[in-house]
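Please read this briefing alongside the sequence and the three-dimensional structure shown below.

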Amino acid sequence: MTEPKPISGPGSTRRDFLQNGWRWLQYAVAASLIYPLARFLGYKVPRKPRTIEVHKSLRVTGFIVEHDFIIFAGPQGPWAVSRKCTHLGCRLNYRENEKILLCPCHQSRFTVEGKRLAGPAERNLPTFAVTALDANEDKGYLVTM
Ligand code: FES
């Protein structure tokens with residue numbers, strides 16, 4: 001049985017030294033290639049905030065149904081709730097008489113504040129910031145998603 005050669009010191013040869021150096025150089029090159037690749041694959045592009053102007057008033061019905069959200073009026077001011085179900089993404093309908101958002105696909109139910117009440121959806125709905133375009137809220141609202 002041969003004894004392992006020391007990496008450096010009196011028993012090592014110039015060949016051992018060069019072989020070890022070559023191996024470490026290969027490791028360094030591999031790491032310098034893998035690290036940027038791993039960072040690239042794990043990188044998530046942050047979503048840009050989207051602002052949507054809604055030129056309707058909440059005074060008539062107390063809510064405005066848009067394609068992606070519903071704006072509600074409250075004593076603390078207006079707020080918007082997403083219409084995308086957190087289960088599989090179906091578009092929610094607002095049931096005005098029950099004051100709930102109902103998913104037509106699998107019947108998940110949410111409050112107007114976006115809190116999950118029942119159904120297969122496990123998360124609450126996202127809410128969005130709403131600002132009035134004018135002081136009297138006649139011109140409409142700006143929703144930041
Ligand atoms: S997609 Fe809404 S409950 Fe399934």
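Predicted model: local features only at pLDDT ≥ 70, side-chain atom pairs only at ≥ 80, totals over all residues.

Residues are numbered from 1 along each chain as its sequence is written. The chain is divided into domain 1 (1-46) and domain 2 (51-144), with bounds that come from an automatic or database domain assignment.

**Domains and helix**

- Taken over C-alpha atoms, the centres of domain 1 and domain 2 are separated by 57 Å.
- Helix α1 covers residues 14-42; helices (H or I, at least four residues) and strands (E, at least two) are DSSP runs, numbered from the N terminus.
- The 29 residues of α1 should span 42 Å at 1.5 Å a residue, and the end C-alpha atoms are 42 Å apart, which agrees; the expected span is 1.5 Å times one less than the number of residues.
- The number of buried residues among the 29 of α1 is zero, so the helix lies largely in the open. Here a residue is buried if 20 or more other C-beta atoms lie within 10 Å of its own, exposed if 12 or fewer, and partly exposed in between, with C-beta atoms placed from the backbone.

**The sheet**

- Six strands form an open sheet in the order β1-β10-β9-β4-β3-β2, with antiparallel pairing; two strands pair if DSSP finds at least two bridges between them.
- At the edges stand β1 (51-54) and β2 (63-65), each with a single partner strand, so one side of each is left without a neighbour in the sheet.
- Neighbouring strands of this sheet are turned by 25 degrees against each other on average, direction ignored; axes are lines fitted to C-alpha atoms, for helices over the stretch in contact, and angles run from 0 to 180 degrees between N-to-C directions.
- Antiparallel strands β4 and β9 are joined by two bridges, and V81 has T127 as its bridge partner in β9.
- Four bridges join β9 to β10, also an antiparallel pair, and V130 stands opposite V143 in β10.

**The nonpolar core**

- The largest nonpolar core has 19 residues, and those with the most contacts inside it are F69, I70, I71, A80, V81, V130 and V143. Such a core is a set of buried Ala, Val, Leu, Ile, Met, Phe, Trp, Tyr and Cys residues joined through C-beta atoms within 7 Å.
- At least two residues of this core come from each of β3 (69-72), β4 (79-82), β9 (127-132) and β10 (141-144), and β3 gives the most, with four residues.
- Leaving aside residues up to four places away in sequence, A80 touches F69, I70, I71, T127, F128, V130 and V143; contact requires C-beta atoms, placed from the backbone, within 7 Å.

**Loops**

- Most residues other than glycine have a negative phi, and most peptide bonds are trans.
- K99, in the loop between β5 (93-95) and β6 (100-102), has a positive phi near 55 degrees, and K99 is exposed, with 11 other C-beta atoms within 10 Å.
- E137, in the loop between β9 and β10, has a positive phi near 60 degrees, and E137 is partly exposed, with 16 other C-beta atoms within 10 Å.
- D138 lies in the loop between β9 and β10 and is exposed, with 11 other C-beta atoms within 10 Å.
- Although D138 and K56 are 82 residues apart in sequence, they are 7.5 Å apart in space, C-alpha to C-alpha.

Technical notes:
Contact = placed C-beta atoms within 7 Å.
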